[in-house]
Amino acid sequence: MADQLLQQAQDLFEGQIDFEGQKLTELFSTIILAITGLLAFILGFAQGNIWFTLWIGLGGTALAFLVVVPPYPIYNENPEQWLRANSGMSGSGIEVDGKKIN
């Protein structure tokens with residue numbers, strides 16, 4: 001039971017996501033920051049208040065942080081299938097310092 005809880009905690013804190021998840025998080029962060037930046041500029045200019053602009057920008061940054069940083073399951077829907085450790089390099093004929101590596 002304790003090992004299972006430890007494994008779940010480790011998976012949560014490691015935050016592993018796949019390559020498609022990385023693309024998705026980059027897209028989300030770009031869209032959120034662009035929209036809130038534009039919104040902050042327009043509303044701050046209309047109000048004539050720089051603090052209003054900064055608070056909207058800070059809120060957008062916090063929103064982007066909450067959407068992008070946690071490793072939600074949607075970011076790990078396409079895991080990579082890695083090769084086994086011994087496949088691919090055997091007999092490749094690589095030489096290092098005059099010694100042949102198998």
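Contact here means heavy atoms within 4.5 Å. Buried means under 20% relative accessible area, exposed means over 50%, and partly exposed lies in between (1.4 Å probe, protein chains only). Helices (H or I, at least four residues) and strands (E, at least two) are DSSP runs, numbered from the N terminus. The structure is a predicted model, in which local features need pLDDT of at least 70, side-chain atom pairs count only at pLDDT 80 or more, and totals for chains, interfaces and linings use all residues. Residues are numbered from 1 along each chain as its sequence is written, and side-chain values use heavy atoms, with hydrogens and water left out.

The overall fold was examined first. The chain holds three helices and two strands. From the N terminus on, the order of the elements is α-α-α-β-β. The radius of gyration of the chain is 23 Å, whereas the globule rule gives 13 Å for 102 residues; the value is well over the rule, so the chain is more spread out than a compact globule. That radius is taken over C-alpha atoms, and the rule is 2.2 Å times the number of residues to the power 0.38. Along the principal axes, the C-alpha atoms fill a box of roughly 70 × 45 × 25 Å.

Burial and surface were computed for the chain. Of the 102 residues, 13% are buried. The accessible surface comes to about 8,700 Å². Carbon and sulfur atoms account for 64% of that surface. Areas come from the Shrake-Rupley method with a 1.4 Å probe; for residues, only the protein chains shown count as cover. Among contacts between residues at least 6 apart in sequence, 58% join residues at least 24 apart.

Helix 1 covers residues 2-14 and includes Gln 7. Gln 7 is partly exposed, with a relative accessible area of 41%. Gln 16 sits in the loop between helix 1 and helix 2. Gln 16 counts as exposed, at 56% relative accessibility. Gln 16 and Gln 4 are 12 residues apart in sequence, and their C-alpha atoms are 18 Å apart.

Helix 2 runs over residues 19-47. Its 29 residues should span 42 Å at 1.5 Å a residue, and the end C-alpha atoms are 42 Å apart, which agrees. The expected span is 1.5 Å times one less than the number of residues. Asp 18 caps the N-terminal end of helix 2. A side-chain oxygen of Asp 18 lies 3.4 Å from the backbone nitrogen of Glu 20. Polar contacts are pairs of N or O atoms within 3.5 Å; within protein, one atom must be able to donate a hydrogen and the other to accept it, and residues adjacent in sequence count only if both atoms are side-chain atoms. Just after helix 2, Gly 48 takes a positive phi of about 70 degrees.

One salt bridge was found in a search of the whole structure. A salt bridge is a side-chain nitrogen of Lys or Arg within 4 Å of a carboxyl oxygen of Asp or Glu. Side chains of opposite charge can pair when their charged atoms come close. The bridge joins the side chains of Lys 23 and Glu 20, at 3.7 Å from N to O. The two residues, Lys 23 and Glu 20, are three residues apart in helix 2, and are therefore separated by about one helical turn. Lys 23 is exposed, at 55% relative accessibility. Glu 20 is partly exposed, at 42%.

The buried residues of helix 2 are Gly 21, Thr 25, Ser 29, Ile 32, Thr 36, Ala 40 and Gly 44. Their cover includes helix 3 (50-68). Gly 21 has a relative accessible area of 3%. Gly 21 and Ala 64 are 43 residues apart in sequence and 15 Å apart in space, C-alpha to C-alpha. Thr 25 is buried at 10% relative accessibility. Leaving out residues up to four places away in sequence, Thr 25 touches Ile 17, Val 68 and Tyr 75.

Helix 3 contains Thr 53. Thr 53 counts as buried, at 19% relative accessibility. Not counting residues up to four places away in sequence, Thr 53 touches Ala 40, Phe 41, Gly 44 and Phe 45. Of these, Ala 40 and Gly 44 are among the buried residues of helix 2.
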